[in-house]
Amino acid sequence: MSANETGDIRNLALVGHTGAGKTSLLEMLMVKAGVQGEPGSLERGTTVSDYDPLEKAYQHSLESALASIDHDGVHINILDTPGDPDFRGQALSAMAAAETAAIVVNASNGIEMSTRRLMRRARQRRLCRIIIINRIDAEGIDLEELVAAIREEFGAQCLPINLPAENYSTVRDCFFKSDGQTDVLSLAEAHTEIIDQVIETDEALMAKYLEGEEISPDELHDAFERALRDGHLVPICFTSALTGAGCGEFLRFCKRLLPSPAEGNPPPFRKGPDGERVEARPDPEAHVLAHVFKVSNDPYAGKLGIFRLYQGTITPDTQLYVGDSRKAFKVSHLYRIHGKEHIEIERAVPGDICALAKVDDIHYDALLHDSHDEDHYYLKPVDFPQPMFGLAVEATTRGSEQKVASALARLAEEDPCFQVEHHQELNETVIRGLGEMHLRIMLERMKQRFGAEVNTRTPRVAYRETITRSAEGHYRHKKQTGGAGQFGEVFMRVRPLARGEGFSFRSEVVGGAIPTGLIPAVEKGVRQVLEEGAVAGYPMQDIEAVVYDGKHHPVDSKEVAFVIAGRRAFLDAVHNAGPQVLEPIVELEVTVPDAAMGDVTGSLASKRARIQGTDSLRGGFTSISAAVPLSALTDFPTELKSLTGGEGRYTMSFSHYEAVPGNVQKEIVEAFKQGESAGES
């Protein structure tokens with residue numbers, strides 16, 4: 001079924017920490033909506049959204065999946081996302097396609113590491129936010145305490161919109177109703193609090209309320225939607241994915257109060273990556289604007305691009321452009337996605353989430369449009385975590401290198417947090433992800449889908465080189481081989497730039513000492529050193545190079561001569577400028593059982609970590625924040641597992657580069673020299 005009107009659509013991303021029960025909750029919502037007769041089982045591998053063989057084997061979500069629910073006149077697109085921090089790229093990209101982020105909290109575990117992160121990301125993206133407290137019927141929980149913790153952590157705007165009742169077998173609405181018995185908190189007090197919060201956004205309603213006049217549900221709807229959009233209200237719902245408590249009520253809540261695509265905050269489109277903001281209107285008669293937020297590659301079905309339509313109407317035979325491409329393609333088949341099912345439809349309207357198959361040029365983050373008026377339009381990109389965990393890979397059998405390269409490229413198309421790097425000078429291919437499990441799953445998927453296998457090893461650390469002071473260098477290149485010779489002489493000075501400024505090159509040559517046409521050759525030689533390194537074989541950064549004098553010969557001065565002279569003069573200047581090796585520092589967040597905290601902090605201290613803080617979490621866990629050299633974390637996943645009995649988790653993100661200690665730099669430089677000597681012999 002395709003929704004007839006944009007106002008009948010609701011787009012919702014289920015996000016939350018692993019184990020919160022998102023997939024099971026989706027199953028029960030589909031049962032309550034009459035989409036299926038009974039909920040699928042994670043243990044039996046029968047859930048709609050976890051259909052991938054690896055998801056069935058691991059019994060939890062590894063990528064985002066879409067399910068559609070048609071219920072009581074509304075069409076609800078629900079994006080079920082993985083909760084494991086290693087796969088949070090999938091969650092973040094799915095959130096970009098929804099008006100509402102539903103952060104699911106396990107009532108037994110409370111606020112967990114990913115809960116904070118996802119609440120923050122949803123707020124930054126200006127999504128409407130709701131909190132679903134799931135598993136309310138679990139033993140030994142204190143829901144009043146959990147609600148208080150949520151409000152303390154995320155603000156007083158987090159308020160219950162319903163409350164558990166009848167021994168947690170159902171929930172009672174406390175937005176439209178003001179009386180009734182509940183298992184926790186007071187329904188009357190909860191009603192007053194949430195109404196007070198909502199009407200603060202509407203002066204006319206506020207006056208009416210203070211005068212004691214009756215306010216109709218229709219009047220409350222607009223104010224409620226405005227409060228959601230502004231982040232002035234974050235409703236808290238209660239559910240049990242096991243018994244279905246609260247699930248039917250949640251579907252009614254979606255219809256009555258969650259924003260349609262016409263009511264949510266407008267998507268952040270721009271003309272050019274950093275250009276002026278552009279308004280996308282949910283108008284079916286306007287030009288098409290759609291954003292591809294997920295790509296999957298199937299060896300049999302081909303490439304599938306899943307997109308959110310923001311503006312215009314798409315039907316089979318619609319002509320679309322991908323990004324700034326001048327060549328259009330014709331839509332042959334338009335699909336609605338429900339788990340692994342592809343259901344062909346005839347029409348998509350603003351707010352719909354649909355898919356196109358076998359369009360080779362389609363890619364993640366592509367904008368689809370039907371007019372050149374929308375060339376160079378972009379949706380504000382998602383700020384993904386930097387993939388820092390790396391493995392060097394090589395094909396297990398000779399001759400299968402191309403098969404491996406093709407498989408890796410397809411996997412990188414699907415996951416914005418999975419990167420493939422090719423280091424030609426090292427003859428090394430490195431894959432990077434958000435953690436050990438992330439890369440393990442990608443390699444298993446590569447073998448399963450594409451029949452490609454690799455051997456893995458620890459990659460070289462992505463060190464950088466820079467300088468610590470200003471200096472000068474000089475080189476004269478002169479070569480005579482019987483015919484035309486080569487001549488070029490370059491004088492250069494260098495100075496360090498602030499960390500992160502990159503590289504700057506300019507010329508101060510006057511009087512034609514070096515002809516203007518040969519200055520780019522000097523820069524080319526300098527850039528060769530930037531790529532290859534000067535002392536340890538790593539790329540250089542944060543340097544300004546200025547060529548200020550030189551000499552040329554009217555016959556023998558050729559481009560090659562000034563490439564060589566520029567290269568050698570730059571090397572001479574760098575060696576005089578206190579060259580320094582920089583190492584990547586990552587922000588590490590580790591969650592460990594309280595009993596293991598001392599052992600883990602001791603382990604981190606031995607890795608040159610700077611502990612920045614600790615935070616006590618519910619359930620007997622502690623979060624440790626630290627800045628750590630990436631090079632020291634090679635064995636950390638295994639070590640953490642051993643120290644915490646498998647209960648420890650960590651996430652890391654790139655922070656900055658800083659100088660390595662002197663003894664470490666000496667080891668790095670010596671290892672590079674030995675490698676060069678071995679290569680020469």
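Biologist: In this predicted model, which elements do the buried residues of α5 pack against?

Modeller: In the predicted model, the buried residues of α5 are L143, L146, V147, A149, I150 and F154. Seen down the axis of α5, these buried residues fall within an arc of 160 degrees, so they line one face of the helix. The elements that these buried residues pack against are α4 (113-124), β5 (128-134), β6 (158-160), β7 (162-165) and β9 (234-238).

Biologist: Is D352 buried or exposed?

Modeller: The place of D352 is in the loop between β17 (341-345) and β18 (353-357), and a polar contact of 2.8 Å joins its side chain to that of R336. Because a residue under 20% relative accessible area counts as buried, and D352 has a relative accessibility of 0%, D352 is buried.

Biologist: Which element gives the most to the lining of the largest pocket?

Modeller: The largest pocket, with a volume of about 610 Å³, is lined by 28 residues, of which Y51, S296, D298, K340 and H342 lie nearest its centre. Two or more lining residues come from each of β2 (65-71), β12 (289-298), β13 (302-311), β16 (334-338) and α11 (436-450). With 5 residues, the element that gives the most to this lining is β12.

Terms used:
Residues numbered from 1 in each chain as written. Predicted model: local features only at pLDDT ≥ 70, side-chain atom pairs only at ≥ 80, totals over all residues. Heavy atoms only, no water. Buried < 20%, exposed > 50% of the residue type's maximum accessible area, 1.4 Å probe, protein only. Helix = DSSP H or I, 4+ residues; strand = E, 2+ residues; numbered from the N terminus. Arc of directions from axis to C-beta. Contact = heavy atoms within 4.5 Å. Polar contact = N/O pair within 3.5 Å; in protein donor to acceptor, adjacent residues only side chain to side chain. 1 Å grid on protein atoms, 1.4 Å probe; cavity = no way out; pocket = protein on both sides within 12 Å on 5 of 7 lines; lining within 4 Å. Points joined across faces, edges and corners; volume = space filled by probe spheres on them.
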